[in-house]
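Have the sequence and the 3D view ready as you read.

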Amino acid sequence: MENLLLVRIDDRLIHGQVMTAWMKTLPAKQIIVIDDKVAKDDFMLFVLQNAAPSGLKVIALTEDEALIKLQGGLDVPSFVLAKSPLSLKKLVENGIDIRAVNIGGMGMKAGRTTVYKNVSATDEERQCIKDFLDRGIDVAIQIIPSEKRFELNNILAK
């Protein structure tokens with residue numbers, strides 16, 4: 001998809017130093033946060049807008065709103081950001097051309113078990129990632145661009 005620079009899963013969403021590092025290699029003009037709860041929380045959106053690098057537009061959309069927006073195309077270079085692969089599932093199932101998913105952080109919480117280092121997932125999230133891999137989507141863990149990538153097909157596609 002034109003103007004889709006990065007699709008990232010990070011349960012912290014916009015983490016200032018991390019986002020700044022990605023911006024140096026992939027200069028976006030906008031971050032689209034896909035999260036049904038954040039999209040309805042004006043205060044959380046305000047926090048995210050203030051955590052983003054200066055000059056970067058931040059919008060928060062529900063999964064349904066994101067599908068409509070991406071079906072219409074992106075007019076500026078953009079990052080898509082979600083807390084879980086499950087938030088991206090509807091996009092992929094409805095034909096949005098996502099070629100790669102970067103996982104930056106999925107912390108330990110109830111129902112999740114460790115996948116690799118600081119990345120954990122529920123069984124449903126693992127299955128979702130496997131489905132992405134089966135569709136030919138490159139899924140890798142990489143916190144910042146200068147770090148080594150860990151390909152999830154090495155452990156989840158089996």
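Angles under 35 degrees count as roughly parallel, over 145 as roughly antiparallel, 65 to 115 as roughly perpendicular and the rest as oblique. Keep in mind that this is a predicted model.

Now find helix H3 (residues 63–71) and helix H4 (residues 86–93): their axes cross at roughly 40 degrees and come within 9 Å. H3 and H4 are therefore oblique to each other. The crossing of H3 past H4 is right-handed.

Which residues in H3 and H4 meet? On the H3 side you'll find Glu-63, Asp-64, Ala-66, Leu-67 and Leu-70, and on the H4 side Leu-86, Ser-87, Lys-90 and Leu-91. Sorted by type, the residues of this contact are five nonpolar, one polar and three charged.

Side chains of opposite charge can pair when their charged atoms come close. The whole structure has eight salt bridges, and the table shows some of them.

| Salt bridge | Closest N to O |
|---|---|
| Arg-12 and Asp-10 | 3.0 Å |
| Lys-90 and Asp-64 | 2.4 Å |

The Lys-90 and Asp-64 pair ties helix H4 to helix H3, linking parts of the chain 26 residues apart. Lys-90 is partly exposed, at 27% relative accessibility, and Asp-64 is partly exposed too, at 45%.

Over at the other group, shared partners join Arg-8, Asp-10 and Arg-12 into one salt-bridge network. Is Asp-10 buried or exposed? Asp-10 counts as buried because its relative accessibility is 0%. Arg-8 is buried as well, while Arg-12 is partly exposed at 37%.

Notes
Residues numbered from 1 in each chain as written. Predicted model: local features only at pLDDT ≥ 70, side-chain atom pairs only at ≥ 80, totals over all residues. Heavy atoms only, no water. Axes fitted to C-alpha atoms, helices over the stretch in contact; angles between N-to-C directions. Helix = DSSP H or I, 4+ residues; strand = E, 2+ residues; numbered from the N terminus. Left-handed = near helix turned anticlockwise from the far one by under 90°. Contact = heavy atoms within 4.5 Å. Nonpolar A, V, L, I, M, F, W, Y, C, P; charged D, E, K, R; others polar. Salt bridge = Lys/Arg side-chain N within 4 Å of Asp/Glu carboxyl O. Buried < 20%, exposed > 50% of the residue type's maximum accessible area, 1.4 Å probe, protein only.
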